[in-house]
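This report describes aromatic contacts, charges placed over rings and nonpolar cores. The structure under discussion is shown first.

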Amino acid sequence: MTAEIGYYQAHRQVDKVHGLARHNACVWCGLDAQDHAYTHNDPNEIRDGGRVYSVNTNYYVAMCRRCHRSFDWAHKHFSGAALKRELERRRREAYARVSEEQRKAAAESRAWAVEAAEAWYEENGWGSSPHGRASSAVVQAAHERIRRAYEQNAQLRAEH
């Protein structure tokens, strides 16, 4: 990817590579994610007006909107060791705010949503073919992307 990629294109690329954020748990609280949040760790990040982002899809994690806003706010107001402490405090508070029962229910709901999405891909496909149906390779890629997103999210939760 090149620096000419804009903010929205970069986020669409993250969805293509890592799957939809909503198919993952928030890395902070464990509820349903809505966004892929930029981690602010890319040494080649792009600043465009008030937006900071990366074209490297490895610098994004799945987060719910509330945690994402808190995460970005901390990055705007702190730096260095103070930022690290503030992010850890906010992460702990976000996790404590949600019960294990809520996380379990959200995980079951996401699993159902992914199953439904996989069924839709199998029935309708995406991509192009002479008959308007995706090839088995395209469907397989969609399934693999969803599985990778879940695996990456589980790994990130274990690290955080």
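## Charges over rings

In this predicted model, Arg 103 places its charged end over the ring of Tyr 95, at 3.6 Å from the ring centre. A further arrangement of this kind involves Arg 51, whose charged end sits over the ring of Tyr 7 at 4.4 Å from the centre.

Tyr 7 also takes part in ring pairing: together with Tyr 8 and Tyr 53, Tyr 7 belongs to a cluster linked by ring pairs.

## Aromatic pairs

A pair of aromatic rings is described by the distance of the centres and the angle of the planes. Five aromatic pairs are counted when ring centres must lie within 6.5 Å. For Trp 28 and Phe 71, the centres are 5.7 Å apart and the planes stand at 80 degrees, so this pair is edge-to-face; the edge-to-face class requires an angle over 60 degrees. The pair joins distant parts of the chain, 43 residues apart: Trp 28 is in the loop between helix H1 (7-18) and strand S1 (35-38), while Phe 71 is in helix H2 (residues 65-77). Trp 28 and Phe 71 are both buried.

Tyr 38 and Tyr 60 form a tilted pair, with 5.7 Å from centre to centre and 50 degrees between the planes. Because Tyr 38 belongs to strand S1 and Tyr 60 to strand S4 (residues 60-63), the pair ties together parts that are 22 residues apart in sequence. Tyr 38 and Tyr 60 are both buried.

## Nonpolar cores

The largest nonpolar core comprises 15 residues. Those with the most contacts inside this core are Cys 26, Trp 28, Cys 29, Met 63, Cys 67, Phe 71 and Leu 87. Two or more residues come from each of S4, H2 and helix H3 (80-96). Both members of the edge-to-face pair, Trp 28 and Phe 71, are thus found again among the residues with the most contacts in the core.

Which residues does Phe 71 touch, not counting residues up to four places away in sequence? The contacts of Phe 71 are Trp 28, Ala 37, Tyr 38, Thr 39, His 40, Met 63 and Leu 87.

Lys 16 lies in helix H1 and is exposed, with a relative accessible area of 54%. The C-alpha atom of Lys 16 is separated by 9.8 Å from that of Ile 146, a residue 130 residues apart from Lys 16 along the chain.

Key: Residues numbered from 1 in each chain as written. Predicted model: local features only at pLDDT ≥ 70, side-chain atom pairs only at ≥ 80, totals over all residues. Heavy atoms only, no water. Phe/Tyr/Trp six-rings, centres within 6.5 Å; stacked < 30°, edge-to-face > 60°. Helix = DSSP H or I, 4+ residues; strand = E, 2+ residues; numbered from the N terminus. Buried < 20%, exposed > 50% of the residue type's maximum accessible area, 1.4 Å probe, protein only. Lys NZ or Arg CZ within 6 Å of the ring centre and 35° of its normal. Core = buried A, V, L, I, M, F, W, Y, C linked by side-chain atoms within 4.5 Å. Contact = heavy atoms within 4.5 Å.
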